[in-house]
Amino acid sequence: MIHAVYPGSFDPMHNGHADVVRRASRIYDKLTVAVLDNPSKRDPLFTTDERIEILRETTADMANVTVDRFEGLLAEYMRTLGAAVIVKGLRAISDFEYELQMAHLNRNLNPDVETTFIMTATRWSYVSSTRVKELARYGADVSRLVPPATLRRLEAKLGDGVARHADPQPPRR
Ligand code: PNS
């Protein structure tokens, strides 16, 4: 039984994250999506509880996926869970250097853990939580970039300009 962990800030979850969760859930027996609970670090738009709610709602149909929060070092959290694999999404070469460093650090801290990468689907390769928040703050349509659970909460927080030109069909590439 391989237990994998997909860690992240998920502030908020977007379609690239959803794609990685779905694909990882098909590879591993059990997948924990782990939200970094570190309110002192940045200035998140969503609380940890809100980010968890979005993730739970969006992954409700995936029986082997659970959502959790963690504090401190990921390598230690992996130890407490008894999980063997870290899953990360890679969008572009620009992600690689940072992820390579993290993978080496985590392996150094916990040699029992392997980091694996899932290449984000091309059609979501330009999507990040930071850009989604920026677009939504300007009232742009982000309905094609995020799951419905995220869109609803963005509307509630930032106003309904967020879904002004709602079109549920993402461009396919
Ligand atoms: O979604 P993000 O912001 O890219 O996620 C980054 C995350 C949460 C995976 C990373 O910051 C992390 O693992 N933080 C926990 C602290 C840690 O273990 N750092 C690595 C050694 S410095």
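User: Which element supplies the largest share of the lining of the largest cavity?
Analyst: This is a predicted model. Two elements, β4 (85–90) and α4 (93–109), each supply at least two residues of that lining. The largest share is four residues, and the element that gives them is α4.

User: Which residues line the largest cavity, and how do they divide by class?
Analyst: The lining consists of L74, I86, K88, E99, M102, A103, N106 and T115. K88 and E99 are in this lining, and Asp, Glu, Lys and Arg count as charged. By class, the lining of the largest cavity comes to four nonpolar, two polar and two charged residues.

User: What is the volume of the largest cavity?
Analyst: The count gives one cavity of 30 Å³ or more. Its lining includes L74 and T115. The volume of the largest cavity is about 30 Å³.

User: What is the volume of the largest pocket?
Analyst: The largest pocket is lined by 38 residues. Elements giving two or more residues to this lining are β1, α1, β4, α4 and α5 (129–137). The volume of the largest pocket is about 1100 Å³.

User: Which element gives the most to the lining of the largest pocket?
Analyst: The residues of this lining divide into 15 nonpolar, 13 polar and 10 charged. Seven residues come from the element that gives the most, and that element is α4.

User: Which residues of the lining lie nearest the centre of the largest pocket?
Analyst: The lining holds 38 residues. Those that lie nearest the centre are P7, G8, S9, R42 and Y98.

User: How far is the polar side-chain atom of S9 from an oxygen atom of the ligand?
Analyst: A polar contact needs N or O atoms within 3.5 Å. The separation between the polar side-chain atom of S9 and the ligand oxygen is 2.6 Å.

User: Which residue has a polar backbone atom 2.8 Å from an oxygen atom of the ligand?
Analyst: The backbone atom at 2.8 Å from a ligand oxygen belongs to L74.

User: Is D11 buried or exposed?
Analyst: D11 sits in the loop between β1 (3–8) and α1 (15–27). Its relative accessible area is 6%. Buried means under 20%, so D11 is buried.

User: Which residue's side chain makes a polar contact with the side chain of D11?
Analyst: Beyond four places in sequence, D11 touches P44, L45, F46, R51, S129 and K133. For F46, the backbone nitrogen lies 2.9 Å from a polar atom of the D11 side chain. The side chain joined to D11 by a polar contact of 2.9 Å is that of K133.

User: How far apart in space are R23 and M119, C-alpha to C-alpha?
Analyst: R23 is in helix α1 and is partly exposed at 28% relative accessible area. Away from its sequence neighbours up to four places off, R23 touches I118, M119, T120 and A121. R23 and M119 are 96 residues apart in sequence, while the C-alpha distance is 10.0 Å.

User: Is G82 buried or exposed?
Analyst: G82 lies in the loop between α3 (74–81) and β4. G82 and H3 are 79 residues apart in sequence and 7.8 Å apart, C-alpha to C-alpha. The relative accessibility of G82 is 58%. Exposed means over 50%, so G82 counts as exposed.

User: Which residues does D95 contact, leaving aside its neighbours within four places in sequence?
Analyst: D95 is in helix α4. At 14% relative accessibility, D95 counts as buried. Its contacts are G89 and L90.

User: Which residues is N110 in contact with, leaving aside its neighbours within four places in sequence?
Analyst: N110 is in the loop between α4 and β5 (114–119). N110 counts as buried, at 2% relative accessibility. N110 and A75 are 35 residues apart in sequence and 5.6 Å apart, C-alpha to C-alpha. The contacts of N110 are A75, M78 and R79.

Notes
Residues numbered from 1 in each chain as written. Predicted model: local features only at pLDDT ≥ 70, side-chain atom pairs only at ≥ 80, totals over all residues. Heavy atoms only, no water. Buried < 20%, exposed > 50% of the residue type's maximum accessible area, 1.4 Å probe, protein only. Polar contact = N/O pair within 3.5 Å; in protein donor to acceptor, adjacent residues only side chain to side chain. Contact = heavy atoms within 4.5 Å. 1 Å grid on protein atoms, 1.4 Å probe; cavity = no way out; pocket = protein on both sides within 12 Å on 5 of 7 lines; lining within 4 Å. Points joined across faces, edges and corners; volume = space filled by probe spheres on them.
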